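Hello,

Here is the structure I promised to pass on.

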Amino acid sequence: MASLKEVKARIGSVNSTKKITGAMKMVSSAKLKKAQMAIENISPYQSRLNGILSNFLATESDFQSDFSQVRTAKSVAIVVFSSNSSLCGAYNSNVIKELGNVIKSERAASAEKITIYPVGKKVKEAVAKMTDVTVVPVPVELADHPSFEGISQTTNELMSKFLEKEYDKVIVVYHHLKNTAVQKLTTETFLPIKLESDKKADNMSGDYIVEPSKAEILQSLLPKALRTKMYACLLDSNASEHGARVVAMQVATDNANELINELTVLYNKTRQQAITSELLDIVGGAAALQN
């Protein structure tokens, strides 16, 4: 059985760890609120932009865009979002595992070339070990500090290479934050874009005179919508990271409390046993003297 000094040292060590995990939970909670606020700020713009697109598409049923061209996906680009740091549960491992599944699925389909755009240090380290893919560097600081300008550079490159037919398909892999405890791993086709009109949307043709034409406006709005979509994925991933870390640190704190309780019981039992042994020695010694 461990000595009293050893048990007391373990209790102190676990208490120190508990303070660290508790502090990390508080920091992540504050960052999560900030990330959620950023999502709330971009949502009205994204919603309105998508509404305008749906309204125009409802009256331009024959509209076609270069961004909507479906081709045999021989060259596929994958944008995958992870975090720069760990201690967020299975957040990063799930992303890396899903990336492997997507690569395998695309190769089984028709992909001959796969290019990875890793956003985040953890996935960047994972794809660096892959020998059968091309990796395009993306600033790792975007994972910690989401920037519309920063991610727009990557989005513009993806759109340009899709139009030039260097990429036949673009996929995004990220976590969608449903709530603090639930982050849904999501895989979506970013390009080609699906042009779908909202049948319930108000028809704008009777209320507005559109210049120069709806088709030309749609052509100018689609890149904006794509850049906004990619930025929304980045914000979602960042918020999901903080949500996952809050949960992970809460679990770690709860485990620390349980371990402290177990060690405290062990300490008391060991102390009681030591006292009993000393009493037995004293009683035995006194009895020997009387004899």
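This is a predicted model: local features need pLDDT of at least 70, side-chain atom pairs count only at pLDDT 80 or more; totals for chains, interfaces and linings use all residues.

Let me start with helix H2, residues 91–109. The buried residues in H2 are Tyr-91, Asn-92, Val-95, Leu-99, Val-102, Ile-103 and Glu-106. Viewed down the helix axis, these buried residues fall within an arc of 110°, so they line one face of H2. The face turned away from that buried side carries Lys-97, Lys-104 and Ala-108, which are exposed. As for what the buried residues of H2 pack against, the partners include strand E1 (75–81), strand E2 (113–119), helix H3 (121–127) and helix H5 (214–290). Strands E4 (169–179) and E5 (182–191) are also among them.

Now the sheet. It is open, with 5 strands in the order E3-E2-E1-E4-E5 and mixed pairing. E3 (134–135) and E5 are the edge strands, each pairing on one side only. E3 runs parallel to E2, and 2 bridges join them; Ile-116 stands opposite Val-135 in E3. Helix H5 lies across E1, E2, E4 and E5, at about 45° to E4.

Finally, the salt bridges, of which there are 7. One of them joins Asp-168 and Arg-71, with an N to O distance of 3.1 Å. This pair links distant parts of the chain, 97 residues apart: Asp-168 sits in the loop between helix H4 (148–163) and E4, and Arg-71 in the loop between helix H1 (4–59) and E1. Both Asp-168 and Arg-71 are buried.

Another salt bridge pairs Arg-107 with Asp-132, whose closest N and O atoms are 3.7 Å apart. Here Arg-107 belongs to H2, while Asp-132 is in the loop between H3 and E3, 25 residues apart. Arg-107 is partly exposed at 29% relative accessible area, and Asp-132 is partly exposed at 47%.

Arg-245 is buried, with a relative accessible area of 7%, and Glu-241 is buried at 2%. There is also a network of salt bridges linking Glu-157, Lys-161 and Glu-166.

Notes: Residues are numbered from 1 along each chain as its sequence is written. Side-chain values use heavy atoms; hydrogens and water are left out. Buried means under 20% relative accessible area, exposed over 50%, partly exposed in between (1.4 Å probe, protein chains only). Helices (H or I, at least four residues) and strands (E, at least two) are DSSP runs, numbered from the N terminus. The arc is that of the directions from the helix axis to the C-beta atoms. Contact means heavy atoms within 4.5 Å. Two strands pair if DSSP finds at least two bridges between them. Axes are lines fitted to C-alpha atoms, for helices over the stretch in contact, and angles run from 0 to 180 degrees between N-to-C directions. A salt bridge is a side-chain nitrogen of Lys or Arg within 4 Å of a carboxyl oxygen of Asp or Glu.
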